[in-house]
Amino acid sequence: MFEPRVALASLSGEADASWARAVESHVGCAVLGGIALDDRTREAARAMTDRDRSEFLPDEPIAFVDDQLAALADAPLRPAFNVRSATLDPVSRAAAVCQRHGAIVEINAHCRQDEMCAAGAGESLLREPDRLAAFVEAAASTGATVSVKGRAELDGVSLPGVAQTIEDAGGDMFHVDAMDTEPVIADVADATDLFVVANNGVRGTATTREYLSYGADAVSVGRASDRPELLGEVQQTTAEWFTSEVSP
């Protein structure tokens, strides 16, 4: 999926091409976004900015995805774009753009802000497997590599079940915010052949090894994504881990 097996996790309103370029030598993937694609999620994003949250709100969100990915065309990493939508067509259009750039399209089933969930996006999708499957299918139909970002500790939601839904719908990757339940990564990894990226609290060798020991295929760093020394340590740890796995 990408090497080194370290990703930058999207930071709302901050994760653009310049953000990825700043630490491009330390990671194998940078997830840009999130970007609200349709009227309902853009309205939600505007309401969130009224609460001093940072959001990307370009006039043309699909063109923004295209421009940002083009700016990473010669970067030594694989880009991805985290997208939020309550309707299928914009996701298909964004996925087609990602496919042209060799990028991963990441469906946001992670945002827990009330406005985004009320719009029918974010973590609300984890409670509606049929809708989540429809989004994955729409994105996958373009030929794009499809990821879903989700979170643990949501009452009534089985992440292994979500992983199976993603896989059955043609997805390729599950980006899991483990919250404070790190062992859930093992449950997800055991349930699926998806490429599993573990997120939350990755801050160096110990936390990276913990997630990899649970079966994660890679780890991601969010709030500490502007710390090159930390990213370098995580990169070295993943390289050593997977080298030892394939050594005789």
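In this predicted model, Asn108 stands opposite Lys149 in strand S5. The two strands involved, S4 (residues 104–109) and S5 (residues 145–151), pair in the parallel sense over six bridges. They belong to a barrel closed by eight strands.

**The barrel**

- The strand order around the barrel is S1-S2-S3-S4-S5-S6-S7-S8, and the pairing is parallel.
- From one strand to the next, the twist averages 25 degrees.
- Helix H6 packs on the sheet, where it touches S4 and S5.
- The direction of H6 makes about 165 degrees with that of S4.

**Strand S4 and its partners**

- Besides its pairing with S5 over six bridges, S4 pairs with strand S3 (residues 78–84), in the parallel sense and over four bridges.
- Asn82 stands opposite Glu106 in S4.
- Strands of a sheet pair through backbone hydrogen bonds, either parallel or antiparallel.
- Six of the six residues of S4 are buried, so this strand is largely enclosed by the rest of the structure.
- In a regular strand, side chains alternate between the two faces of the sheet.
- In S4, Ile104, Glu106 and Asn108 point one way, while Val105, Ile107 and Ala109 point the other way.
- Residues on both sides of S4 are buried, Glu106 and Ile107 among them.

**Helices H4 and H6**

- Two packed helices are described by the angle between their axes and the distance between the axes.
- Helix H4 (residues 88–101) and helix H6 (residues 129–140) pack at an angle of about 35 degrees, and their axes are 8 Å apart.
- H4 and H6 cross in the right-handed sense.
- On the H4 side the contact involves Leu88, Val91, Ser92 and Ala95, which meet Ala134, Phe135, Ala138 and Ala139 in H6.
- Sorted by class, this contact has seven nonpolar residues, one polar residue and no charged residues.

**Cysteines**

- The count of disulfides comes to zero.
- A disulfide needs two cysteine sulfur atoms within 2.5 Å.
- Cys29 is buried, with a relative accessible area of 0%.
- For Cys111, the closest cysteine sulfur is in Cys117 at 6.1 Å, so this pair is also too far apart for a bond.
- Cys111 is buried as well, with a relative accessible area of 8%.

Notes
Residues are numbered from 1 along each chain as its sequence is written. This is a predicted model: local features need pLDDT of at least 70, side-chain atom pairs count only at pLDDT 80 or more; totals for chains, interfaces and linings use all residues. Side-chain values use heavy atoms; hydrogens and water are left out. Axes are lines fitted to C-alpha atoms, for helices over the stretch in contact, and angles run from 0 to 180 degrees between N-to-C directions. A crossing is left-handed if the near helix is turned anticlockwise from the far one by less than a right angle, and right-handed if clockwise. Contact means heavy atoms within 4.5 Å. Ala, Val, Leu, Ile, Met, Phe, Trp, Tyr, Cys and Pro count as nonpolar, Asp, Glu, Lys and Arg as charged, and the others, Gly among them, as polar. Buried means under 20% relative accessible area, exposed over 50%, partly exposed in between (1.4 Å probe, protein chains only). Two strands pair if DSSP finds at least two bridges between them.
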